[in-house]
Amino acid sequence: ETATHIFDLMEKFAGYGFNKSHSAAYALVSYQTLWLKTHYPAAFMAAVLSADMDNTDKVVHLIKECRAMELAILPPDVNRSEYMFTIDDADAIVYGLGAVKGVGESAIEELVRVRNEGGPFDSLVDLCCRIDLKKVNRRVFESLIRAGALDSLGENRATLTVQVPMALKMAEQQNAMAEAGQNDLFAMDAPETPAANVDTSVLPQRDAWTDDLRLQGEMETLGLYLTGHPIDQYERDLQALGVTRLAAIQEMKVSRERGKQE
């Protein structure tokens with residue numbers, strides 16, 4: 001009889017005790033995160049994106065949330081981005097290099113370290129000459145180019161892609177000469193950067209990729225279309241046909257349901 005009584009008490013408590021303790025903790029966390037999201041939206045979303053940057057599906061969802069909050073999403077850039085998502089100002093989030101597919105953590109750490117020590121990169125050759133090519137290989141360069149992270153170092157992504165092999169070869173030759181001391185023997189004044197003695201005029205040039213190819217590269221490396229969308233070219237035609245976006249239909253549905261409840 002005593003055991004049954006004790007069990008009945010335990011069973012009754014189990015029906016609300018566990019839930020109550022968790023509800024209190026969740027309420028506190030919800031209040032804290034809501035306060036941060038309200039007063040520091042860019043910093044909050046950058047932190048959330050960094051926490052889930054290994055999950056492409058979550059990143060895509062969070063990027064949509066950022067756009068709904070009217071926060072600017074700045075593309076990845078080797079001269080500005082860190083490994084994590086960061087903020088540029090109160091309303092702008094800088095894409096983290098760690099969210100670019102095909103680029104390892106050691107490669108990103110090398111890029112950021114060299115940039116912090118020697119300043120921004122001036123060109124693709126300058127980048128190749130200054131970093132440790134054992135940590136940042138050709139495949140990493142190609143992923144960074146398709147993601148748009150090297151846009152500030154060249155005319156366009158197509159040109160950067162065809163220049164990578166020759167730029168890497170130039171960097172290897174320049175580094176070999178520097179190690180052998182030839183710069184000191186034949187140059188009165190040492191160049192400011194390892195790439196200063198490299199003739200970049202021989203690098204090939206290409207016309208820019210089409211929008212479809214550019215966006216395809218972003219999808220493959222970022223998991224989303226960052227600088228546009230393939231359907232943008234049909235925007236006028238769709239408007240003329242009176243086509244409604246699925247998101248707009250969903251909003252209409254939610255509003256209608258709320259109206260019925262009220």
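**Close-up 1. H4 gives the largest share of the lining of the largest pocket, five residues.** This is a predicted model, where local features need pLDDT of at least 70, side-chain atom pairs count only at pLDDT 80 or more, and totals for chains, interfaces and linings use all residues. Residues are numbered from 1 along each chain as its sequence is written, and side-chain values use heavy atoms, with hydrogens and water left out. The largest pocket has a volume of about 520 Å³. Its lining counts 16 residues, with Lys-64, Arg-67, Tyr-225, His-229 and Arg-245 lying nearest the centre. Helix H4 (56–68) and helix H12 (246–261) are the elements that give two or more residues to this lining. Sorted by class, the lining has nine nonpolar, four polar and three charged residues. On terms: a pocket is an open set of points on a 1 Å grid over the protein atoms alone, where a 1.4 Å probe fits, with protein on both sides within 12 Å along at least five of seven lines; lining residues have an atom within 4 Å of a point. Grid points are joined across faces, edges and corners, and the volume is the space filled by probe spheres set on the points. Helices are DSSP runs (H or I, at least four residues), numbered from the N terminus. For the classes, Ala, Val, Leu, Ile, Met, Phe, Trp, Tyr, Cys and Pro count as nonpolar, Asp, Glu, Lys and Arg as charged, and the others, Gly among them, as polar.

**Close-up 2. Here H3 (residues 41–51) and H4 cross at roughly 170 degrees, their axes coming within 10 Å.** That makes the pair roughly antiparallel (angles over 145 degrees; 65 to 115 is roughly perpendicular, under 35 roughly parallel, and the rest oblique). Axes are lines fitted to C-alpha atoms over the stretch in contact, and angles run from 0 to 180 degrees between N-to-C directions. Met-45, Val-48 and Leu-49 of H3 meet Val-59, Leu-62, Ile-63, Glu-65 and Cys-66 of H4, contact meaning heavy atoms within 4.5 Å. That contact splits into seven nonpolar, no polar and one charged residue.

**Close-up 3. H7 (residues 138–147) and H8 (residues 157–180) pack at about 165 degrees, axes 10 Å apart.** The two are therefore roughly antiparallel. On the H7 side, the contact includes Phe-141 and Ile-145, and on the H8 side, Leu-160 and Val-164 are among the residues. By class, this contact has seven nonpolar, one polar and three charged residues.

**Close-up 4. H7 also packs with H10 (residues 211–222), at an angle of about 120 degrees with axes 7 Å apart.** This pair is therefore oblique. Ser-143, Arg-146 and Ala-147 are the H7 residues in the contact, while H10 brings a set including Arg-214, Gly-217 and Glu-218.
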